[in-house]
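This briefing goes through selected backbone and packing features of one model, grouped by topic. Please keep the sequence and the coordinates open while reading.

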Amino acid sequence: MESGHTSRRCLSCGGKTFKSSIRKIIKIMAAPYNSEPGQAWYSSSTGVVGVPPAGGVGYPPSGPAAVQWMSLPSAPPNCPPGLEYLTMIDQLLVHQKVELLEAFIGFETANKYQVVNSMGQNVYFAAEDTHCCTRNCCGPIRPFNMKILDNGGREVIHLYRPLRCDSCCCPCCLQRMEVTASGSTLGYVVQEWSIFVPKYEVQNAAGECVLRIEGPFCTWSICGDVEFKVLSRDGETQVGKITKQWTGFIREVFTDADHFGITFPMNLEVNTKALLLGACFLIDFMFFEKANNEENDCLGMC
């Protein structure tokens, strides 16, 4: 009799603890913003972007947990506002945020990314702007707008990907992404028809090819990096690369929060660097974004 009462009490306590944990998770996920000052944020429900004031008591934070942003260099002539950061770097690291709801139950949430330089300093913050129905019905092929913000919460780059096919079976309707800054078109990332390997043209605002991107026949990330080569206009010389980095077994299997590295020449035109950043996001969605926590990698392009 005593053991029965004890079991019921344990079950009751366990149930209360579980409910309490769920409430805490829901409260954290429902909170509009509770980050540290100076951290760029974006609310997909309201479309509001911003950065809390950096002044005040206790800020900036000290120690290893402090968020460091890259200092703003002087802008060269005819450089769109916010792109001056790209004039001083030849490498970008793109880290996708882990979404707990997506990892646990497969409900697709809006992707968010930190873009940092080789020293680990934040350069940009990127946030997908889509409706939940679009994300969960269309999966990785979904159309989206991507807002790329600087450390002041100002949108400096805008990416637009319409709903199009990505298979070689539909050569007339392949992927195309438009990259704009300050309301002006910088150029496009256009998928080329191919059977065996992914290929893209990086085009300027006039639609002229300035670079090419070529990926591997197998895009499976099996305990190693996946490299997409950035080639010259004629496709003969490699000038950089976009690399999907291996992040460990647990993260790769249970999430689609990927890490990428982008390298390019230091003297590359700043607009073209922004186009390569846009190409990185298009590659992520096409090859490494999971649908209902299931891999969609394949061999070739058909």
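Asn78 lies in the loop between strand E2 (48-50) and E3, where strands (E, at least two residues) and helices (H or I, at least four) are DSSP runs numbered from the N terminus. This is a predicted model, in which local features need pLDDT of at least 70 and side-chain atom pairs count only at pLDDT 80 or more, whereas totals for chains, interfaces and linings use all residues. Residues are numbered from 1 along each chain as its sequence is written, and side-chain values use heavy atoms, with hydrogens and water left out.

**Positive phi in loops**

- Most residues other than glycine have a negative phi.
- Asn78, although not a glycine, has a positive phi of about 60°, and Asn78 is exposed at a relative accessible area of 81% (exposed means over 50%, buried under 20% and partly exposed in between, with a 1.4 Å probe and protein chains only).
- Ser182, in the loop between E8 and E9, also is a residue other than glycine with a positive phi, near 55°, and Ser182 counts as exposed at 52% relative accessibility.

**The barrel**

- A closed barrel of 12 strands runs E3-E4-E5-E6-E7-E8-E9-E10-E11-E12-E13-E14 with antiparallel pairing, two strands being paired if DSSP finds at least two bridges between them.
- Neighbouring strands of this sheet are turned by 20° against each other on average, direction ignored; axes are lines fitted to C-alpha atoms, for helices over the stretch in contact, and angles run from 0 to 180 degrees between N-to-C directions.
- Strand E9 (residues 184-192) and strand E10 (residues 199-204) run antiparallel and are joined by 6 bridges, and the bridge partner of Gly187 in E10 is Asn204.
- Thr180, placed in strand E8, counts as buried at 16% relative accessibility; leaving aside neighbours within four places in sequence, Thr180 is in contact (heavy atoms within 4.5 Å) with Val156, Ile157, His158, Thr185 and Leu186.

- Leu277 touches Leu92, Val94, Val115, Tyr124, Ile148, Ile157 and Ile262, not counting residues up to four places away in sequence.
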